[in-house]
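The exercises below are meant for a reader who is meeting this structure for the first time. Each one opens with a task and goes on to a solution in steps.

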Amino acid sequence: MKKILLLATGGTIAARETEYGLRPAFTAEDMRAAIGTTGSTIEVVDLLSLDSTNITPSHWQMIARKVAVCHTDYDGFIITHGTDTMAYTAAALYYMLEHIDRPVVLTGSQRPLGRDGSDAEGNLRLAYEAACSGFAGVCLAFGGRLIHGNTAKKIHSLADDAFRSIGLTEIDLTAPVAPTAPFRLHDALDTRVAVIRLYPGMKPITIDAHIASGYRGIILEGYGLGSVPGDDAEESFLPSLDRAKTRACTIVLTTQCIEGGADITHYEVGVRAAELGALSGGTLPIEALYARLMILLAETPEGETVKALC
């Protein structure tokens, strides 16, 4: 018989209507009742009760440490979570719980548990199926899809199948892959990371201002394959990238496109940026890049930059 731990953190799935709109109110016990299984043991913990817009990296640490400290006591984990930042939390846990040898499954819903037509019950049952499977790692269960934790992106604000996997196929529970190394918890995060979206006419001083403010990492969402304005532009970003290198600020160039990823070896502006130390975000969505860079910076001495994202 499988032994599962369900950690509730709030979100729409746990919400009830109030004078000011939806607010988390249901408990982990309510989630267990909705799954309705008798074929395993599900223990529950009310870890948080937050709208996911209020979730921060400190909450990622709380969740990761809870899973890590008891991961050998359970066959799988279900984490109920709001949809707005679920992809960020999934990505963070994917990297923080490196090589975990059992399923850690995040799920939630677009409509509260118990409401007519709610997607909550279906998503909980999907999460339960994944938590009882032979899958090893962190994933997101939603709208009939099982998505690797570092590839999830919410692409629709209302649809029941709101999430997609970016750059990787969805999970096949019939073909589980075992971890290749022992489990390791990475619970240190350097939150001095900024995400900046490039737009026509943006001034490169925006980059300099973040460097001056003490940020150790900047993820710049560029155009196309990750391009930023070069020497032919009215104001080139290359001098600012050079100053970032001098000040030991890691620059990651990614794309505003959902599919295809970044490749800064394709155009001159990208090659020049790489020569100045900029890294390519590759096919990882911004949610994964953000969490990954926080972990890598925490493990990189002050005064040094991250040399690779993998």
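**Exercise 1. An open sheet**

In what order do the four strands of the open sheet lie, and is their pairing parallel or antiparallel?

Solution. Bear in mind throughout that the model is a predicted one. The open sheet has four strands in the order 13-14-15-16, and their pairing is parallel. The edges come next: strand 13 (193-197) and strand 16 (279-280) are the edge strands, since each pairs on one side only. To see one of these pairings in detail, take strand 13 with strand 14 (residues 217-222), which pair in the parallel sense over five bridges; here Val-193 stands opposite Gly-217 in strand 14.

**Exercise 2. A cluster of rings**

Work out which rings are linked into a cluster by ring pairs, and classify the pairs that involve Tyr-290 with Trp-60 and with Tyr-88.

Solution. A pair of aromatic rings is described by the distance of the centres and the angle of the planes. A search of the whole structure finds five aromatic pairs. One of them joins Trp-60 and Tyr-290, with 6.2 Å from centre to centre and 85 degrees between the planes, and it is edge-to-face. Trp-60 belongs to helix 2 (residues 57-69) and Tyr-290 to helix 8 (residues 286-298), so this pair ties together parts that are 230 residues apart in sequence. Trp-60 and Tyr-290 are both buried.

Now turn to Tyr-88 and Tyr-290, whose ring centres are 6.0 Å apart; because their planes stand at 90 degrees and an angle over 60 counts as edge-to-face, this pair is edge-to-face. Tyr-88 lies in helix 3 (residues 86-96) while Tyr-290 lies in helix 8, so the pair ties together parts that are 202 residues apart in sequence. Taken as a group, Trp-60, Tyr-88 and Tyr-290 are linked into a cluster by ring pairs.

Helix 3 itself is mostly covered, with nine of its eleven residues buried; among them are Met-86, Ala-87, Leu-93 and Met-96.

**Exercise 3. The largest pocket**

Describe the largest pocket by its volume, by the residues closest to its centre and by the classes of residue in its lining.

Solution. The volume of the largest pocket is about 680 Å³. It is lined by 32 residues, of which Tyr-94, Glu-98, His-99, Ala-136 and Gly-137 are the closest to its centre. Sorted by class, the lining has 19 nonpolar, eight polar and five charged residues. At least two lining residues are supplied by each of helix 3, strand 6 (97-98), strand 8 (137-142) and helix 8.

**Exercise 4. Two backbone angles**

Solution. Most residues other than glycine have a negative phi, and most peptide bonds are trans. Against that background, His-99 has a positive phi of about 60 degrees, although it is not a glycine. His-99 is found in the loop between strand 6 and strand 7 (103-107), and at 27% relative accessibility it counts as partly exposed. Ala-248 likewise has a positive phi of about 60 degrees without being a glycine. The place of Ala-248 is the loop between helix 6 (238-246) and strand 15 (250-255), where its relative accessible area of 13% makes Ala-248 buried.

Methods:
Residues are numbered from 1 along each chain as its sequence is written. This is a predicted model: local features need pLDDT of at least 70, side-chain atom pairs count only at pLDDT 80 or more; totals for chains, interfaces and linings use all residues. Side-chain values use heavy atoms; hydrogens and water are left out. Rings of Phe, Tyr and Trp (its six-membered ring) pair if their centres lie within 6.5 Å; planes under 30 degrees apart count as stacked, over 60 as edge-to-face and the rest as tilted. Buried means under 20% relative accessible area, exposed over 50%, partly exposed in between (1.4 Å probe, protein chains only). On a 1 Å grid over the protein atoms alone, a cavity is a set of points where a 1.4 Å probe fits but cannot get out, and a pocket is an open set with protein on both sides within 12 Å along at least five of seven lines; lining residues have an atom within 4 Å of a point. Grid points are joined across faces, edges and corners, and a volume is the space filled by probe spheres set on the points. Ala, Val, Leu, Ile, Met, Phe, Trp, Tyr, Cys and Pro count as nonpolar, Asp, Glu, Lys and Arg as charged, and the others, Gly among them, as polar. Two strands pair if DSSP finds at least two bridges between them.
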